[in-house]
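Have it open while you read, and check each point by eye.

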Amino acid sequence: MLEQQMTAFALLGAEWVLWVLVALSVLCIAVAIERLVYARMNATPAAPFRKVLQSYVDGGPSSALVDELKDIPGVEARVLHAGAEAGRRGGVKSAEEALTGTMAIERIKLDRRLIILGTVGSNAPFIGLFGTVLGIIQAFHELALDSDDGANAVMAGISEALVATAVGLLVAIPAVVLYNWFQRRNKELLARVTSLSHMMLSRMQDDPTSAARVSGEA
């Protein structure tokens, strides 16, 4: 009974597998577009952000840094604003904790849905190969039913089945490229935020108000 059901399933051929691959490709495109839109909407404008941070590093007050960062959008600005706000209230140690926590949250947001690209990229070739196997099974089954023109039928069936493998690779390669690109972009962004955070903390340690809080806590 089970063998008959599995045989009937195998004889469905590769067409439904091709539709699955088409659906996965559409899903990957949707994820890539959504991530690009998110990245654009959460990009920090370089000129005002650099001006505000440079002003603080050069000796500006922490209150001005907090107020000005609050009005600047983007991942870098949000992370540094959280650290600056915590530093103004509780000193350098609080700033470090706030920076670490906010950066972890931003990392989760940046990596959201990228697992879809990674999963499709690593599994689409196997899905295509599965479709090819089903197509070959169907071709040999048709050969068993009609052996008069069997060779031509098998060759035609196998050539059609191999399309599934080709489509699987066609879906997988762009998915892997997009996944690696987004991962590298996110790592570079977070590395830049980490560098800027250390710069801000270094200045904060020289800030008399922050130093006073640390001494008071000690």
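This is a predicted model: local features need pLDDT of at least 70, side-chain atom pairs count only at pLDDT 80 or more; totals for chains, interfaces and linings use all residues.

1. Start with Tryptophan 16, which is partly exposed at a relative accessible area of 33%. Two aromatic pairs turn up, and one of them joins tryptophan 16 to phenylalanine 130: the ring centres are 6.1 Å apart and the planes meet at 80°, so I'd call it edge-to-face, given that planes over 60 degrees apart qualify. The pair links distant parts of the chain, with tryptophan 16 in helix 2 (residues 15-41) and phenylalanine 130 in helix 7 (residues 114-145), 114 residues apart. Phenylalanine 130 is partly exposed as well, at 37%.

2. The other aromatic pair. Tryptophan 181 and phenylalanine 182 have ring centres 5.0 Å apart and planes at 75°, so this pair is edge-to-face too. What about burial? Tryptophan 181 is partly exposed, at 45% relative accessibility, while phenylalanine 182 is buried at 4%, because buried means under 20%.

3. Overall make-up. Of its 218 residues, 36% count as buried.

4. How far apart are the end C-alpha atoms of helix 2? They are 39 Å apart, and since 27 residues at 1.5 Å a residue should span 39 Å, the two figures agree.

5. The buried side of helix 2. The buried residues here are Val17, Leu21, Leu24, Cys28, Val31, Ala32, Arg35, Tyr38 and Ala39.

6. Arginines over tyrosines. Arginine 35 has its charged end over the ring of tyrosine 38, 4.6 Å from the ring centre. Elsewhere, arginine 203 lies over the face of tyrosine 56, at 4.7 Å from the ring centre.

7. The cavity. Which residues line the largest cavity? They are Arg35, Tyr38, Ala39, Leu110, Phe182, Arg185 and Asn186, so you meet Arg35 and Tyr38 from point 6 again, along with Phe182 from point 2. Helix 2 and helix 8 (150-205) are the elements that give two or more residues to this lining. By type, the lining splits into four nonpolar, one polar and two charged residues.

8. Leucine 196 sits in helix 8 and is buried, at 15% relative accessible area. Leucine 53 is 143 residues away from leucine 196 in sequence, yet their C-alpha atoms are 8.6 Å apart in space.

9. One backbone angle to look at. Arginine 113 has a phi near 70°, a positive value in a residue other than glycine. Most residues other than glycine have a negative phi. Arginine 113 is in the loop between helix 6 (92-111) and helix 7, and counts as partly exposed at 39% relative accessibility.

Note on methods:
Residues are numbered from 1 along each chain as its sequence is written. Side-chain values use heavy atoms; hydrogens and water are left out. Rings of Phe, Tyr and Trp (its six-membered ring) pair if their centres lie within 6.5 Å; planes under 30 degrees apart count as stacked, over 60 as edge-to-face and the rest as tilted. Helices (H or I, at least four residues) and strands (E, at least two) are DSSP runs, numbered from the N terminus. Buried means under 20% relative accessible area, exposed over 50%, partly exposed in between (1.4 Å probe, protein chains only). A charge sits over a ring if NZ of Lys or CZ of Arg is within 6 Å of the ring centre and within 35 degrees of the ring normal. On a 1 Å grid over the protein atoms alone, a cavity is a set of points where a 1.4 Å probe fits but cannot get out, and a pocket is an open set with protein on both sides within 12 Å along at least five of seven lines; lining residues have an atom within 4 Å of a point. Ala, Val, Leu, Ile, Met, Phe, Trp, Tyr, Cys and Pro count as nonpolar, Asp, Glu, Lys and Arg as charged, and the others, Gly among them, as polar. The expected span of a helix is 1.5 Å times one less than its number of residues.
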